[in-house]
Amino acid sequence: MARALRLAERGLYTTQPNPRVGCVIAHGEEVVGEGWHERAGEPHAEVYALRDAGERARGATAYVTLEPCGLHGRTPPCADALIAAGVARVVMASEDTSQAVGAGLQRLRDAGIVVEAGLMRDAARELNIGFFHRIERGRPFVRVKLAMSLDGRTALADGTSKWITGEAARHDVQRWRARSSAILTGSGTALADDPRLTVRLDDVPHVPPLRVVLDRALRTPRGANLLDGSAPTLVLHGPLATPDQRFDAVECAEVPETDTGLDLDVVLGMLAGRGVNELHVEAGPTLCGALFAAGLADELLLYVAPVLLGDRARPLMALPPLDDMARRWQLAVLDRRVLGEDLRLRLRPKS
């Protein structure tokens, strides 16, 4: 199963909106076939592994990181392929909550195949955390990326932020962008930084993430990189704004407003409906703070540079004031990594 998970990771950047899945077929300790899901619309991991195994699949055990599908989608059911190949046993890591519970498993059992579930389930769910989050909670897994100085600042008072971190950290960000279904920013960042929010990794095949801009009043100026049509782009605006010719190269959609801006719950639900699994956020302190305050930020990707910007520089996030230390936001550290001279922390809210 560990080998199947490593195979599944090969689809980290290419399977959107499908989950990353790997499969190993073995007789005892002898591996006779292996495969992984490469792209949506193409064969699933089990099919590739069965092709690799050929006749040796008969009587073997198939180790697969996700429950074999039992329904017709863009490809035939993998459960049927396993039955036809004559495998004797299927060991899966995690159930697939996107299909009817046990849809594939019952077909396998009815065919006399022994089915076991739960081996390395946590690792399999972590690999597809966005897929499960979208299916089970109705919104993407939201990962907020921020870079700050040692004194917790993200930009000078005039908005200058290039570059707080070094080249190694910036290259690392590209990989997190590449694994995401969409990249979200706000109109403030569009005005201040004119970002492209594209993936700049020539050596890594990937599905270009959808660029999503929250622009309540449609302030993004003509000629902005986000409006150049070089990547799929969605601009979300409030009910009182009307797109003009500036937005001809992108898609625009209206979103209801709350007292503080566009309704973030609606935004995330809309993106889930488009198959967005992991949402990568690169925005200013207002939008990042709003996501955290609303309990919608699932992970923080924080790059810390060994520099000081002073107390007039811009803060990490705009969060409501606390009157009690017991109410502070507590984060669990998932991992720490040194990238050049910078430190990367990956954190998740404890509650």
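By contact I mean heavy atoms within 4.5 Å. Keep that in mind for V281. This is a predicted model, and I will take the nonpolar cores and then the salt bridges.

Leaving aside neighbours within four places in sequence, V281 is in contact with V142, R143, V144, K145, L184, C288 and L291. Two of those partners, V144 and L291, come up again in the largest nonpolar core, which has 35 residues. V144, L236, L279, V281, L291 and L302 are the residues with the most contacts inside that core. There is also a second, separate core of 25 residues, and V32, L66, V90 and F132 are among its members. As background, nonpolar side chains in soluble globular proteins tend to be buried together.

Now the charged side chains. The count of salt bridges comes to 25. I will go through three of them.

First on my list is D80 with R107, where the closest N and O atoms are 2.9 Å apart. D80 sits in helix α3, residues 78-85, and R107 in helix α4, residues 103-110, so this pair ties together parts that are 27 residues apart in sequence.

Next, R274 and E251. Their closest N and O atoms are 2.5 Å apart. R274 is in the loop between α9 (264-273) and β14 (278-281), while E251 belongs to strand β11, residues 251-254; the pair links distant parts of the chain, 23 residues apart. R274 counts as partly exposed at 38% relative accessibility, and E251 is partly exposed with a relative accessible area of 38%.

The last pair is E299 and R346, whose side chains meet in a salt bridge at 3.3 Å, N to O.

Salt bridges that share partners join R20, E126, R143, D172, R179, E278, E299, D335, R344, R346 and R348 into one network. R143 in that network is also one of the contacts of V281, which is where I started.

Key. Residues numbered from 1 in each chain as written. Predicted model: local features only at pLDDT ≥ 70, side-chain atom pairs only at ≥ 80, totals over all residues. Heavy atoms only, no water. Core = buried A, V, L, I, M, F, W, Y, C linked by side-chain atoms within 4.5 Å. Buried < 20%, exposed > 50% of the residue type's maximum accessible area, 1.4 Å probe, protein only. Salt bridge = Lys/Arg side-chain N within 4 Å of Asp/Glu carboxyl O. Helix = DSSP H or I, 4+ residues; strand = E, 2+ residues; numbered from the N terminus.
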